Amino acid sequence: MKKIDVTKSVMDSIVSFESKRTKKWLGILLLVVVWILISIVLVGVRTYGILSERHTLDVLEILYQDREIIAEFWQDTLLVAWEEFPQQSMFIGVGLISILIGIWIVTKRRRKIMVRRIEELAKRQKRRNNT
Amino acid sequence: MQARSMKMISDEALVRDVQEGSISAFETLVTRYQGKLHSFVSYLVRDSIAAQDIVQESFVSLYKTIDRIDTEKKFSVYLFSMTRNHAISYLRGRKVHEPLEHAMHISTGESPEIVLEQKDEAARIEDALSSIDEKFVRVIRLYYFDNLSYEEVGAYLKIPVNTVRTRLRRAKAALRTALETL
C-alpha cells in the first residue's frame, strides 16, 4: 500500500472547523442566556417598582410580623398577595426562568461535549505553540 | 484516552468517543483508515494525488456528520461508501472538464492522428482487459496504472508478494493473448 499521511492536513481542517463551530455555539448560548438574564432582572425591577408603588411590600411586612395571622388566615394572605402582585410581570418572569432552566437542561449533554472539545482544542493549541 | 490504548479500541467505540467530544479519537480513525482509503480511491480514480484530496475531503465531511452515525452499524462500511461517493462526484466533475483539457492537449502539441492512435490503443487494451479474469485485471491496474510496487499491490489485495509476481506474469500472458485475438 502506498504510504500517505493526510493526518496533519485533515486535523488542521478539523481543528479550524471545530474552533469556529464551538465559538459559534457558545456565542449563541451566551447571547441567549444573557438576554434572558437581563430580561429577568428588568422584569424583577419592574415588579419591585410596582410593588413599591402599591405599598404591597409594606402590607406583607405587617403580615410577616405576626406569623400566627398568616398561619390562621393563609388563604386570605395568599389572596392578597395574588391580587397585589403584578401578575403579567410575574408570568413573564416565571416564563423566562422556566426557559432558562429548560435551556440549561436541554444543553447539558451538549455543554459537556463542548467543554471536552474546548479542552482538546486548547491542548492542541498549546502543543502547536510549543513546537 | 492514551494513544497506545486508542489503537486497540474498536472503530465504533472511537466514533462514540468523537461524538462525546474527543478530537484525538478522530485522529486515531484518520491514522487507521487513511492508507486503506487512499488505495481504494486510487483504484477508483486512477490518480494518486486526486485520491489524496478525496480522502482528505472524505475525512472532513465524516467529521462534520459524525454525530449522525449509528454506532450499532459497522463504521468501515459507512466510511468506505461515503468515500466512494466523493470519488464518484470527483469523476463526474472530471468528465465535465475532460473535453476542454483534451482540446488543450491537442492544440499544445501532439497531432490529432497521434492522439487518435493513442485513444485507439487505450480502447483496445480496455477491451482486452474486459475479456480476461478479474483477478488479473486488478493486478495489472494496480501495478501499471496506479504505479504501486509489488509489496503495495500485495498489501492491498492481501496476497503474498510472490503471488503478486506470479499473478502479474500470468496476467500479462492473458492480456497478450487477448490483444492478439482482438
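## The interface between the chains

In this predicted model, 32 residues of chain B are in contact with 23 residues of chain A. The size of an interface is often given as the accessible area lost when the parts come together. Here chain B and chain A bury about 2500 Å² between them, and 57% of that area lies on carbon and sulfur atoms. On the side of chain B, the residues that lose the most area to chain A are Glu20(B), Ile23(B) and Tyr63(B), which together account for 24% of what that side buries.

## Charged and polar links

The count of salt bridges between chain B and chain A is 3. A salt bridge joins Asp17(B) to Arg116(A), with the closest N and O atoms 3.2 Å apart.

Four helices of chain B each supply at least two residues of the side that touches chain A: helix H2 (11-19), helix H3 (24-45), helix H4 (48-65) and helix H8 (150-157). The largest share, 10 residues, comes from H3(B). Sorted by class, the side of chain B that touches chain A has 10 nonpolar, 13 polar and 9 charged residues.

## The nonpolar cores

The largest nonpolar core has 53 residues, and the members that touch the most other members are Phe26(B), Phe59(B) and Leu62(B). H3(B) gives the most to this core, with 10 residues.

Which residues does Phe26(B) touch, not counting those up to four places away in sequence? In chain A, Phe26(B) touches Val10(A), Met11(A) and Ile14(A); in chain B, the partners are Val18(B), Phe59(B), Leu62(B), Tyr63(B) and Ile66(B). A second, separate core of 10 residues includes Leu29(A), Val33(A), Ile40(A) and Val43(A).

## Leu29(B) in helix H3

Leu29(B) has its place in helix H3 of chain B. Is Leu29(B) buried or exposed? Leu29(B) counts as buried because its relative accessibility is 1%, and the cut-off for a buried residue is under 20%.

Leu29(B) and Asp11(B) are 18 residues apart along the chain, while their C-alpha atoms are separated by 7.1 Å. Leaving aside residues up to four places away in sequence, Leu29(B) touches Asp11(B), Leu14(B), Val15(B), Val18(B), Phe59(B) and Phe75(B).

Terms used
Residues are numbered from 1 along each chain as its sequence is written. Chains are lettered from A and ligands numbered from 1 in the order in which they are written. This is a predicted model: local features need pLDDT of at least 70, side-chain atom pairs count only at pLDDT 80 or more; totals for chains, interfaces and linings use all residues. Side-chain values use heavy atoms; hydrogens and water are left out. Contact means heavy atoms within 4.5 Å. Buried area is the accessible area (1.4 Å probe) that two parts lose on being put together, summed over both. A salt bridge is a side-chain nitrogen of Lys or Arg within 4 Å of a carboxyl oxygen of Asp or Glu. Ala, Val, Leu, Ile, Met, Phe, Trp, Tyr, Cys and Pro count as nonpolar, Asp, Glu, Lys and Arg as charged, and the others, Gly among them, as polar. A nonpolar core is a set of buried Ala, Val, Leu, Ile, Met, Phe, Trp, Tyr and Cys residues joined through side-chain atoms within 4.5 Å. Buried means under 20% relative accessible area, exposed over 50%, partly exposed in between (1.4 Å probe, protein chains only).
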